[in-house]
Amino acid sequence: MEDVKIRRILPTDNAAMANIIRRTFEEFGILRPGTVYHDASTDHLFELFEATPASGYFVAEQQGKLIGGAGVFPTDGLPAGTCELVKMYLLPSARGSGLGRHMINQCMELARELGYGQMYLETMPEFSKAVSIYTKLGFTGLAGPMGNSGHSGCDIWMLRQL
């Protein structure tokens, strides 16, 4: 996408990213418990990533407006050398442009820089287009969850070697 800037999250981005995440869940009708929709950290992403070593969160900005974000996080209970791709959400207007793939690649690059050897993710069937992109980028399905994300509402789990 032209004129899109990808940068690290700032404190002033918290409300806009929380809005993007929650509107996405509403758009797809996924308001069940056990998802990031109900996660208190969704409102404080800058603070969460700032306080967590070996993590990072990127936002995509177009003409001064946030259009999406994605991050890398050392989720509790994951095997050594494994991080999680977290809070990967884009506005509807930004989907289908290649931005999601670019942001995932940016997160994988950061994960490698941070010393991770594999990346895990959790998602839901409602996000089938995202699942398709994850598969094209080399993520493979798992039979069950890894780690302790606290997101019991997810029922698709995937892993990729970095």
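Predicted model: local features only at pLDDT ≥ 70, side-chain atom pairs only at ≥ 80, totals over all residues.

Reply: In it, strand S4 gives 7 residues to the lining of the largest pocket, the largest share.

Me: Which elements give two or more residues to the lining of the largest pocket?
Reply: The largest pocket is lined by 41 residues, and Lys-87, Met-88, Tyr-89, Ala-130 and Tyr-134 lie nearest its centre. The elements that give two or more residues to this lining are helix H1 (14–27), strand S4 (82–90), helix H3 (99–113), strand S5 (118–123) and helix H4 (128–136).

Me: How do the residues of that lining divide into nonpolar, polar and charged?
Reply: The space in the largest pocket comes to about 940 Å³. Its lining residues divide into 9 charged, 13 polar and 19 nonpolar.

Me: In what pattern do the helices and strands follow one another along the sequence?
Reply: The chain has 4 helices and 7 strands. Read along the sequence, their pattern is β-α-α-β-β-β-α-β-α-β-β.

Me: What percentage of the residues in the chain is buried?
Reply: The accessible surface of the chain is about 7700 Å², and carbon and sulfur atoms hold 53% of that surface. Among contacts with a separation of 6 or more, 68% join residues 24 or more positions apart. Of the 162 residues in the chain, the buried share is 49%.

Me: Is Ile-30 buried or exposed?
Reply: Ile-30 lies in the loop between H1 and helix H2 (45–51). Leaving aside neighbours within four places in sequence, Ile-30 is in contact with Phe-25, Thr-35, Met-124, Glu-126 and Phe-127. Met-124 is 94 residues from Ile-30 along the chain, and their C-alpha atoms are separated by 9.1 Å. The relative accessible area of Ile-30 is 0%, so this residue is buried.

Me: Which residues is Ala-70 in contact with, leaving aside its neighbours within four places in sequence?
Reply: Ala-70 lies in strand S3 (residues 65–73). Its relative accessible area is 0%, so Ala-70 counts as buried. With those neighbours left aside, Ala-70 is in contact with Gly-56, Tyr-57, Phe-58, Val-86, Lys-87, Met-88, Met-103 and Cys-107.

Me: Is Lys-87 buried or exposed?
Reply: Lys-87 is placed in strand S4. Phi of Lys-87 is near 45°, a positive value in a residue other than glycine. Buried means under 20% relative accessible area. The value for Lys-87 is 11%, so Lys-87 counts as buried.

Me: Is Gln-63 buried or exposed?
Reply: Gln-63 is found in the loop between strand S2 (56–62) and S3. Phi of Gln-63 is near 50°, positive in a residue other than glycine. With a relative accessible area of 72%, Gln-63 is exposed.

Me: What is the relative accessible area of Ser-128?
Reply: Ser-128 has its place in helix H4. Met-158 is 30 residues from Ser-128 in sequence and 13 Å away in space, C-alpha to C-alpha. Ser-128 is partly exposed, with a relative accessible area of 47%.

Conventions:
Residues numbered from 1 in each chain as written. Heavy atoms only, no water. 1 Å grid on protein atoms, 1.4 Å probe; cavity = no way out; pocket = protein on both sides within 12 Å on 5 of 7 lines; lining within 4 Å. Points joined across faces, edges and corners; volume = space filled by probe spheres on them. Nonpolar A, V, L, I, M, F, W, Y, C, P; charged D, E, K, R; others polar. Buried < 20%, exposed > 50% of the residue type's maximum accessible area, 1.4 Å probe, protein only. Contact = heavy atoms within 4.5 Å. Areas by Shrake-Rupley, 256 points an atom, 1.4 Å probe, with all protein chains shown as cover.
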